[in-house]
Every structure is written in structure tokens, then in C-alpha cells.
Amino acid sequence: MNAFLADHWLDILGTLTGLIYIYQEYRASIFLWITGIIMPVIYLFVYYKAGLYADFGMSIYYALAAIYGFASWYFFKDKENNKKEERPISHYPHKYIVPSIIAFILLWEAMYLLLVHFTNSTVPVLDSWGNALSIIGLWALAKKYIEQWWIWIIVDAELSVLYIYKGLPFTAILYGLYVIISIAAISKWKKMMKVDAKTAQQ
């Protein structure tokens with residue numbers, strides 16, 4: 001038991017931090033971005049040890065993106081009255097769908113080539129796929145688009161399977177929980193979006 005804990009304590013710590021993160025995201029709490037800085041720092045060590053190099057590199061990106069996400073929410077200004085207020089939940093603009101798909105494909109290809117040519121990754125396709133789509137999802141979260149949850153459902157399901165394969169049981173369970181919570185969060189955010197709309201009309 002002690003040997004198991006010694007091998008997986010960072011995996012466990014990352015999982016506990018991840019549970020806090022997804023709960024904060026579910027509630028659309030701005031503090032998710034603070035947790036979003038801490039969590040990837042923990043997973044830098046987890047992913048490197050597991051040989052998930054795309055995830056390792058993405059952890060650095062996630063920490064930096066969390067700073068952007070915090071600023072995007074905290075310093076948001078309403079364009080009509082130019083007043084600082086909480087960023088409202090909104091829909092993913094149709095004009096961004098095609099550019100997002102193109103960006104995802106390019107990111108996937110770039111990450112895949114890096115993994116194949118510069119690392120000894122045993123899962124370059126899946127590792128690069130999940131992380132390329134995560135970049136799009138994190139950007140959508142920073143903009144507070146409700147459709148970001150659909151992106152995370154797909155990403156988290158794929159990564160959960162990948163982490164089982166790579167021997168990270170706690171992280172695999174975490175991402176499985178993410179899928180369930182993300183499904184519930186869609187309804188939660190829809191209700192919050194209606195409240196935001198009513199508040200804006202008053």
C-alpha cells in the first residue's frame with residue numbers, strides 16, 4: 001500500500017486539485033483560474049514521469065492560459081456602457097466555428113509531428129489529439145462560451161481512456177468524473193445564462 005501511494009501520490013494530489021477545479025468551473029467561479037494555475041504545475045511532474053510529453057508541454061500552456069482566462073473574466077467590460085462587470089455566459093459565435101476547426105487540425109498536426117520526431121512517446125496520435133482540442137476548449141472557457149462544455153466532454157472522455165492505458169488510475173477517474181460533471185454543467189450554465197440575460201435587461 002505504501003509503495004502504491006509513493007508511486008501515485010502526485011497523481012492523487014493532481015486529482016484532488018482537479019476536483020476543486022471542475023467544481024469551480026461548474027459554478028462559473030473566477031477562482032477556477034487560480035486553481036487552473038496550481039493544477040498544471042502538479043501535472044508537469046505526473047505527465048513527464050508517464051511519458052505524456054504533449055500533456056507535459058500543455059501543462060505549461062495551461063498555467064499561462066489560466067492567467068489570460070483570469071484577466072479575461074476579471075477585466076471584462078460591457079461594450080455598450082464600457083463598464084467593468086462580470087463576463088456573461090454566451091454562445092460560441094458561428095463565425096468562429098470554421099476557424100476553430102482549422103486551428104484544431106493545425107495544432108493536432110504540429111503536436112503529432114513534434115511527438116514523433118522529438119520524443120519517445122508511445123501514444124503520439126491520442127496525446128496530440130486531446131491536447132490540440134483542449135487548446136480550443138480552454139480558449140472557449142476564457143470567453144465563457146457555454147459550448148465549451150461539449151468540447152470538454154469529448155476531450156475528457158478521450159483522455160480518461162488514455163490515462164488508463166498509461167497507468168494513471170486516479171487521473172483517469174478524475175477525467176471520467178469530468179465527463180459526468182460537464183454534462184450536468186451544461187444545464188447549470190444555461191440557467192445562469194438566463195439569469196445574466198434578465199439582469200442585463202433590468
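Buried means under 20% relative accessible area, exposed means over 50%, and partly exposed lies in between (1.4 Å probe, protein chains only). Keep those cut-offs at hand for each stop.

**Before you start**

This is a predicted model: local features need pLDDT of at least 70, side-chain atom pairs count only at pLDDT 80 or more, and totals for chains, interfaces and linings use all residues. Residues are numbered from 1 along each chain as its sequence is written, and side-chain values use heavy atoms, with hydrogens and water left out.

**Stop 1: the whole chain**

Seven helices and zero strands make up its secondary structure. Helices (H or I, at least four residues) and strands (E, at least two) are DSSP runs, numbered from the N terminus. Read from that end, the order is α-α-α-α-α-α-α. The radius of gyration is 18 Å, close to the 17 Å that the globule rule gives for 202 residues, so the chain is as compact as a globular protein of that length. That radius is taken over C-alpha atoms, and the rule is 2.2 Å times the number of residues to the power 0.38. Along the principal axes, the C-alpha atoms fill a box of roughly 60 × 40 × 25 Å.

Now colour by pLDDT, the predictor's confidence in each residue, from 0 to 100. The chain mean is 88, and 92% of residues reach 70 or more. Among the elements, helix 4 has the highest mean (95) and helix 1 the lowest (82). Where pLDDT is low, the predicted coordinates should not be read in detail.

**Stop 2: surface and charges**

Switch to a surface view. The protein chain exposes about 11300 Å², and carbon and sulfur atoms supply 71% of it. These areas come from the Shrake-Rupley method with a 1.4 Å probe; for residues, only the protein chains shown count as cover. Of the 202 residues, 44% are buried.

Colour the charges next. There are 16 positive and 14 negative ones, and their mean positions are 10 Å apart. Lys and Arg count as positive, Asp and Glu as negative; His and the chain ends are not counted. Each charge is placed at NZ of Lys, CZ of Arg, CG of Asp or CD of Glu.

**Stop 3: Ala-132 in helix 5**

Go back to the cartoon and select Ala-132, in helix 5. Is it buried or exposed? Ala-132 counts as buried, at 0% relative accessibility. Show its contacts, meaning heavy atoms within 4.5 Å. Leaving aside neighbours within four places in sequence, Ala-132 touches Phe-104, Leu-107, Trp-108 and Met-111. Draw the C-alpha to C-alpha distance to Trp-108: 5.1 Å, across 24 residues of sequence.

Such reach along the sequence shows in the chain as a whole. Of the contacts between residues at least 6 apart in sequence, 71% join residues at least 24 apart.

**Stop 4: Ala-110 in helix 4**

Move to Ala-110, in helix 4 (residues 97–118). Ala-110 counts as partly exposed, at 38% relative accessibility. Ser-128 is 18 residues away in sequence, and the two C-alpha atoms are 8.4 Å apart.

**Stop 5: two positive phi values**

Select Ala-28, in the loop between helix 1 (2–26) and helix 2 (32–50). Its phi is near 55°, a positive value in a residue other than glycine. Ala-28 is buried, with a relative accessible area of 6%.

Then jump to Lys-144, in the loop between helix 5 (124–142) and helix 6 (148–165). Lys-144 is not a glycine, yet its phi is positive, at about 65°. Its relative accessible area is 2%, so Lys-144 is buried.

**Stop 6: Phe-76**

Phe-76 is in the loop between helix 3 (53–74) and helix 4. Phe-76 is buried, with a relative accessible area of 17%. Which residues does it contact, neighbours within four places aside? They are Ala-71, Lys-83, Lys-84, Glu-85, Glu-86, Arg-87 and Pro-88. Glu-158 is 82 residues from Phe-76 in sequence and 32 Å away, C-alpha to C-alpha.

**Stop 7: Leu-177 in helix 7**

Finish at Leu-177, in helix 7 (residues 169–201). At 34% relative accessibility, Leu-177 is partly exposed.
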